[in-house]
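Here is a friendly briefing to read alongside the model.

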Amino acid sequence: MRVVSMVPSWTETLLKAGVQVVGRTRFCIHPPKQITNIPIVGGTKDVSWDLVVDLKPDLVLLDQEENPLEMAEECPVPYLATHVHSLASLQKELARLGEHFENPQLMEMSVEALDLVEAAPLKWDLQKIPGFLEWVRPPGKSYDEVLYLIWKKPWMSVSRETYIGSVLEKLGARVAEFPEGEKYPVVELEDFKNAFYLFSSEPFPFQKKIGDLKALDIDGAIVNGESYSWFGVRSIEFLKEAYLQK
């Protein structure tokens, strides 16, 4: 089956499973060697349907959290839309894809994901943060919760209702609370003085702005955003490694 994947996490996962991906977004950057010769048809929010049609795909793969509804409504070829918003939903969608593509590797990933879903949460340790890249400033006290930042101007965080929030809770972190339905709330840092700040390396390049963060006089760390947000094979391997190191 020839697949155009509009979801970076799924592109990497499908290629790992041996599925034929014939088109991708410009944000599909993993695995580097395999994606080089796969044509780009747009981004996660925009697409050239002419380029897609030229590739003669059997299926376009979308995700409700990654792609706008219009992309599904305008798709000129058959599509499949997943909805990954937690570890539990990842497991179900991997099983669904495994059945759809009749792919044993994807089915095996769904089993690994189920093991993680059923595993007890780890104990969160600010001195051993999974995916740690660099300190903004090491914790000078204990903290009640974690505020995970994905954007600046405005500051944007994530709630427990997101995939990132699900990963953080599996790692044992208490995620800052927000009103129901606010998945990616705009925040003011001074409103979360009892939270330790985690700055994601993507989509905003916080690690490249480390000097600006240090000037804020706050305790925090830069973490690998791909590890926390790229659901699929990358996330499974990240969490499995965290459990092995517990």
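Two strands count as paired if DSSP finds at least two bridges between them. With that in mind, please note that this is a predicted model. Strand E7, residues 145-151, and strand E9, residues 195-200, run parallel and are joined by five bridges.

**The sheet**
- Strands E7 and E9 belong to an open sheet of five strands, ordered E6-E10-E9-E7-E8, in which the pairing is mixed.
- At the edges of this sheet lie strand E6 (132-137) and strand E8 (156-157), each of which pairs on one side only.
- For one of the bridges, look at Val146, whose partner in E9 is Phe196.

**The cysteines**
- How many disulfides does a search of the whole structure find? The search finds zero.
- Cys28 is in no disulfide, and the nearest cysteine sulfur to it belongs to Cys75, 15 Å away.
- Seen from Cys75, the closest cysteine sulfur is in Cys28, and 15 Å is too far for a bond, because a disulfide needs the two sulfur atoms within 2.5 Å.
- Cys28 counts as buried because its relative accessibility is 0%.
- Cys75 counts as buried too, with a relative accessibility of 13%, since the cut-off for buried is under 20%.

**The helix pair**
- Helix H7 (residues 163-170) and helix H10 (residues 233-244) have axes that come within 11 Å and cross at roughly 15°.
- Angles under 35 degrees count as roughly parallel, so H7 and H10 are roughly parallel to each other.
- The crossing of H7 past H10 is right-handed.
- On the H7 side the contact is made by Tyr163, Val167 and Lys170, and on the H10 side by Ser235, Phe238, Leu239 and Tyr243.

Notes: Residues numbered from 1 in each chain as written. Predicted model: local features only at pLDDT ≥ 70, side-chain atom pairs only at ≥ 80, totals over all residues. Heavy atoms only, no water. Helix = DSSP H or I, 4+ residues; strand = E, 2+ residues; numbered from the N terminus. Buried < 20%, exposed > 50% of the residue type's maximum accessible area, 1.4 Å probe, protein only. Axes fitted to C-alpha atoms, helices over the stretch in contact; angles between N-to-C directions. Parallel < 35°, antiparallel > 145°, perpendicular 65-115°, else oblique. Left-handed = near helix turned anticlockwise from the far one by under 90°. Contact = heavy atoms within 4.5 Å.
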